[in-house]
Structure formats: structure tokens, C-alpha cells
Amino acid sequence: MEIKYKNYYFIKSITATDYNSNCYIIWNRSSKHAVIIDPNDFFNIYHIVKQNGLSIDYIFVTHEHYDHIAGLCDVQQELGGKAIASEKCKQEMVRAQERLNKTYRLYMHFIKKEVKDSDIPKYKEGKIDISYFDRLNLEWEGLSFHIQETIGHSKGSSSILMDKTYIFSGDAVLKEKPIITNYLGGNREDYKNSTISYYQQLNKNLMVLPGHGEMFELKEIDFL
Ligand SMILES: [Zn+2]
């Protein structure tokens, strides 16, 4: 998927294998400066960055689950960029491998794939350079980013509102699936108080770029 926004920026989503999570790369067409949201698959990201001659300024992490951070360490080492996440997300990231060991088999069972213990991916620990409590506002290449903690799916979940036009929701709001809040650090009560109350006061015409699946309009979600 490619979006042209204000004739300057492209957003591209990479759907990684296994978990089908989305990664987004946003760049300024003239300066070639870029940010990455949820670096899941280093090989794909590397290819796009090199092909377009991009230089990475920031890497945003929506939350600590493996399918959203799998490529973080390699991206940092090979391509650079300062990684940004909530303080809670940063603290929870150290348990990424532990959670992966618990859930990989189960997930593969759901998608009907046979796995051996040796098939479980090895998480390379990425490090967060900039962390925040509650929220962070950032101006970058003429775009505004309002990053807000929206917990409940996980302890370290955030949503990233870009230029009051697009919102990168991570797994906090997805179109088709009910949001999983009952494992991996999720909590239904937190979800209501943090995520639902935040999304309810947003403009319903916002375009949502989720952590899984296709883009949709916020008004299409009926639980908000
Ligand atoms: Zn998740």
C-alpha cells in the first residue's frame, strides 16, 4: 500500500510473514528523511530504505509485542534512527522473548502451521532511546505527531496521531477482530478507561492505519 499525502510523503506498509503485522515507513520526498513505525521485518525495511535512498530519523514503537518490534535491533544497527516508545513499553520489551516462547506455538496452531521448538524466532533486543509517560508531541519534517498511551491491549500500547489526519493504532484499535485484552499484559478495564475514552473524543473522519489489516475510517468502528 502506498499513500501520497500532501504530495510530499509516502506511507508504505509491510506485512511481515507469520504474524501479518504492519510496518509503516513515512518519508519526505524531497529531503528523503524518514520515520518507521513498528519495525517488524528487517529485510523488507532494508530493501525499501535502500531503494529510495532514505535516512531514518525516528523509529516509533506502538507496543512491546514481538510482531511489532522483531526488526528493531537490526534497523537500529544497520540503518540508524532514534527509537521512541512509552516508558512502560520500554520496560515490558525486556520480556518479549519470554512472551514469544509462550505464545508462538499457540498462534501457529491457530493458523494451522506445525512448529518445533527450534522454529520459535529469537528476539534480538532493541533499545529505546526516547521514552515518555502518558504522551509525547513531536514535530518532524513539517508533520505533527501526537503520541498518546492507549493501554489495555498491552501495558505499553500507544497510538500515534499524525497531522490530525491519520492515526497509527498499533493493536489498540483494529477493524475486524475484537481487541485481545485478556493475555500478554492486556486488561479490559484499562482498555475502556484509556483506549476507548481516547478514541471516542477523536475526529471520526480520521483514517486508521492499524497494526494488522487494511486502513479504515475511524467511524467504521462501532464499539467507540
Ligand atoms: Zn499486540
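Student: Before we start, when do two strands count as paired?
Tutor: Two strands pair if DSSP finds at least two bridges between them. Please note also that this is a predicted model.

Student: What is the bridge partner of Ile-26 in S4?
Tutor: The partner of Ile-26 in strand S4 is Val-35.

Student: And how many bridges join S3 to S4?
Tutor: Strand S3, residues 22–28, is joined to S4 by four bridges, and the two strands run antiparallel. The strands form a hairpin with four residues between them, and there Lys-32 takes a positive phi near 70°.

Student: Which strand pairs with S4 in the parallel sense?
Tutor: That strand is S5, residues 55–60, which pairs with S4 over five bridges. Within this pairing, His-33 stands opposite Ser-55 in S5.

Student: Is S4 mostly covered or mostly open?
Tutor: Strand S4, which spans residues 33–37, is mostly covered, as four of its five residues are buried.

Student: What share of the whole chain is buried?
Tutor: Buried residues make up 42% of the 224 residues in the chain.

Student: Changing topic, what is the order of the strands in the open sheet?
Tutor: The order is S8-S9-S10-S11-S12-S13, a sheet of six strands with mixed pairing. Strand S8 (135–140) and strand S13 (216–217) stand at the edges, and each has a single partner strand, so one side of each is left without a neighbour in the sheet.

Student: How do S11 and S12 pair?
Tutor: Strand S11, residues 166–170, and strand S12, residues 207–210, pair in the parallel sense over four bridges. Gly-170 stands opposite Pro-210 in S12.

Student: What holds strands of a sheet together in general?
Tutor: Strands of a sheet pair through backbone hydrogen bonds, in either a parallel or an antiparallel sense.

Student: Stepping back, how many helices and strands are there?
Tutor: The secondary structure of the chain comes to six helices and 13 strands. The radius of gyration is 16 Å, close to the 17 Å that the globule rule gives for 224 residues, so the chain is as compact as a globular protein of that length.

Student: What box do the C-alpha atoms fill?
Tutor: Taken along the principal axes, the box is roughly 45 × 40 × 30 Å.

Student: And what part of the contacts joins residues 24 or more positions apart?
Tutor: Such residues account for 57% of the contacts in the chain with a separation of 6 or more.

Technical notes. Residues numbered from 1 in each chain as written. Predicted model: local features only at pLDDT ≥ 70, side-chain atom pairs only at ≥ 80, totals over all residues. Rg over C-alpha atoms; globule rule 2.2 N^0.38 Å. Buried ≥ 20, exposed ≤ 12 C-beta atoms within 10 Å, placed from the backbone. Contact = placed C-beta atoms within 7 Å.
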